[in-house]
Amino acid sequence: MLGLSALGIGPATFLIFFLMMALLLIGMPLGFLTGLVALFFTFGWFGPNAIGMIGTRVFSFVTEYSLVAIPMFVFMASLLDKTGVARDLYNAMRLIAGRLKGGVGVQTVVVAALLAAMSGIIGGETVLLGMLALPQMLRLGYDKNLAIGTVVAGGSLGTMIPPSIVLIMYGMTSNVSIGDLFTAAVIPGLILVSMYILYVLIRCYINPNMGPPAPASEIAMSAKEKLAAVGHILLPMTIVVWVLGSIYGGIASVTEAACMGVIGVVVSAIIRRELTYSIVHSALQQTMRTCGMIIWIGIGASAVVGIYNLMGGKRFVETAILGLDVPPILIVLLMMAILLMLGMFLDWIGIVMLTMPIFVPIIKALGYDPIWFGVVFCINMQVSFLSPPFGPAAFYLKSVAPPSISLVDIYRSVWPFIIMQMVALGLVLTFPEIALWLGN
Amino acid sequence: MSDHEEEFLVNECDTALDRWIVKLGDIVTWLYVIAVLISFYEVIMRYFFNSPTVWVHETTTAIVGMAMAYGGIYCFSNDSHISVTLVRDLFPKKWQKRIAIFVDCLVLVFSVGGAYAMYYMTSRALITPAGTFYMQRSGSAMNSVWPTITKIFILLVFILLIAQACLHLLKKIRAYGEGEE
């Protein structure tokens with residue numbers, strides 16, 4: 001209609017990119033701007049008769065069965081947030097901190113990993129740790145930067161350790177098994193956890209003032225308290241086994257396992273006598289908000305990618321990239337660079353939906369394993385959670401941290417952890433077996 | 001910044017329709033609970049009684065899909081969609097307001113286009129090419145009319161979004177005029 005097709009796909013690619021950036025920077029909601037660009041190109045390139053395509057993209061996106069797992073995991077995490085499960089787990093875990101230098105830091109990372117294995121969303125975990133662990137470490141006189149970094153990096157583990165909603169979205173858009181992705185992410189996730197723990201221990205070993213142990217009077221527990229502590233650790237562990245066990249045991253699909261997770265949390269809330277209508281209600285409201293935000297970004301991105309592919313965009317990018325006369329690993333590195341750059345501006349869901357339908361076929365054409373690429377992508381997203389200027393983890397933490405902690409403090413604290421994530425990224429890039437070994 | 005301006009840029013979206021959408025959303029969100037319960041039922045039936053159902057899979061997908069679609073207008077009513085306002089905040093106040101109004105115009109354009117796309121699709125799910133009424137079915141073992149219901153629901157969501165976008169825009173334009181005095 002507007003004769004945009006006369007532009008040719010190359011210039012149109014730049015126009016799409018430019019329009020999206022411009023709309024993003026004037027503050028249009030991400031979910032709406034991608035949809036608007038999709039509509040603009042549908043009309044402008046194909047004319048009004050092609051409009052049915054947008055509807056079909058929207059409909060098939062929201063009625064994709066795997067997608068159901070996302071609201072379920074969000075619901076589960078919101079319920080967990082509102083019960084005292086995480087708080088009790090954190091307190092009980094002081095058993096492992098003991099009189100160790102940096103012990104509370106280690107305790108924080110371990111609890112973060114356990115919380116990550118329970119649900120797999122990011123914001124809630126960072127907020128929880130920001131409320132539980134950060135005041136505790138600051139009170140004991142931990143180095144401010146070390147304490148903040150541990151909380152932010154630990155809180156973003158949720159994307160890496162299964163079940164992870166980032167991997168669910170990746171699996172959906174690139175048509176690979178979500179269960180296999182979960183398996184592949186286990187070892188890289190644990191590598192990250194061990195690196196964080198080692199980092200805390202080494203820093204505190206070199207300079208004990210960075211993470212003094214808790215006073216003996218606080219650590220002492222009566223036999224009764226110890227018994228209660230074991231209970232507080234067992235309950236979350238049961239939920240982890242329940243959710244991951246039903247996936248790996250072949251009992252339930254990932255989506256069903258997410259529903260089982262909700263049931264698991266509800267049952268544990270009943271056991272703890274915490275289940276009330278108001279808790280369920282506010283968890284539901286939070287689910288509605290979080291999913292509305294995530295899913296609409298997905299809807300818009302799915303529409304714009306659909307149109308772009310129809311315009312011949314996928315072929316254009318594929319020919320351009322595969323035509324480069326460089327070793328395949330350089331292409332992978334180029335993609336990593338693009339992802340890291342996008343991570344500074346876009347939300348992870350936008351990145352998955354916009355880039356993966358284009359990148360993954362190229363990865364396959366180069367002879368790489370899409371499961372491996374999913375894990376690599378996931379570590380990449382970890383970095384983007386932390387990296388300024390739009391690292392979401394930093395904003396989440398800022399919302400609950402003591403007022404004396406500024407965004408600048410947070411950004412100053414995260415860089416050692418970003419370096420560790422980059423090292424992990426390098427490891428998995430160099431040795432794909434780290435990700436693929438467990439599945440074979 | 002005066003209180004008035006603060007309100008303009010931060011929480012400008014509190015119209016009667018928004019409050020109504022949030023209230024209805026608090027009911028729609030129970031669809032998630034239903035989805036959890038029936039999925040649990042399915043797992044139990046399949047694993048312990050070896051008799052999987054034919055209706056859970058499709059029903060879950062449809063009701064969760066509808067709830068998620070509703071989430072879009074739910075978020076729009078309390079302005080919790082992700083947007084990057086860092087650059088906009090660098091402009092003088094007056095220009096910030098103008099940009100905010102421009103963005104709302106674009107949201108309105110998007111909602112009209114989206115509603116048109118959904119209308120186009122829904123009408124094909126309801127009317128045969130010969131012009132008679134029918135309801136598109138899923139064609140699975142359950143062969144439900146869920147696809148049609150979901151399409152109608154998403155169309156309604158987009159229609160509400162148009163109304164919302166209009167009201168937000170009007171409210172901002174009015175507030176902009178008042179700010180001038």
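These legends walk through several close-up views of a predicted model. Residues are numbered from 1 along each chain as its sequence is written, and chains are lettered from A in the order in which they are written. Local features need pLDDT of at least 70, side-chain atom pairs count only at pLDDT 80 or more, totals for chains, interfaces and linings use all residues, and side-chain values use heavy atoms, with hydrogens and water left out.

**View 1. Helices α5(A) and α8(A) cross at roughly 30°.** Here we meet α5 (residues 85-92) and α8 (residues 123-139) of chain A, whose axes come within 10 Å; helices are DSSP runs of H or I with at least four residues, numbered from the N terminus. Axes are lines fitted to C-alpha atoms over the stretch in contact, and angles run from 0 to 180 degrees between N-to-C directions. The angle makes α5(A) roughly parallel to α8(A) (angles under 35 degrees count as such). A:Ala86, A:Arg87 and A:Tyr90 of α5(A) meet A:Leu128, A:Leu132, A:Ala133 and A:Gln136 of α8(A), where contact means heavy atoms within 4.5 Å. By class, this contact has five nonpolar, one polar and one charged residues; Ala, Val, Leu, Ile, Met, Phe, Trp, Tyr, Cys and Pro count as nonpolar, Asp, Glu, Lys and Arg as charged, and the others, Gly among them, as polar.

**View 2. Helices α11(A) and α19(A) pack at about 40°.** The axes of α11 (residues 178-206) and α19(A) lie 9 Å apart. Among the contact residues are A:Leu181, A:Pro188 and A:Tyr196 of α11(A), with A:Ile371 and A:Gln382 of α19(A). The contact divides into nine nonpolar, two polar and one charged residues.

**View 3. Helix α20(A) has buried residues.** In α20 (residues 392-400), A:Pro392, A:Ala393, A:Ala394 and A:Leu397 are buried, meaning under 20% relative accessible area with a 1.4 Å probe and protein chains only. The buried residues pack against α8, α9 (144-155), α19 (370-386) and α21 (407-430) of chain A.

**View 4. A:Gly231 sits in helix α13(A).** This helix spans residues 223-248. At 33% relative accessibility, A:Gly231 counts as partly exposed, the class between buried and exposed (over 50%). The C-alpha atoms of A:Gly231 and A:Ala92 are separated by 8.7 Å, although the residues are 139 apart along the chain.

Methods:
Helix = DSSP H or I, 4+ residues; strand = E, 2+ residues; numbered from the N terminus. Parallel < 35°, antiparallel > 145°, perpendicular 65-115°, else oblique.
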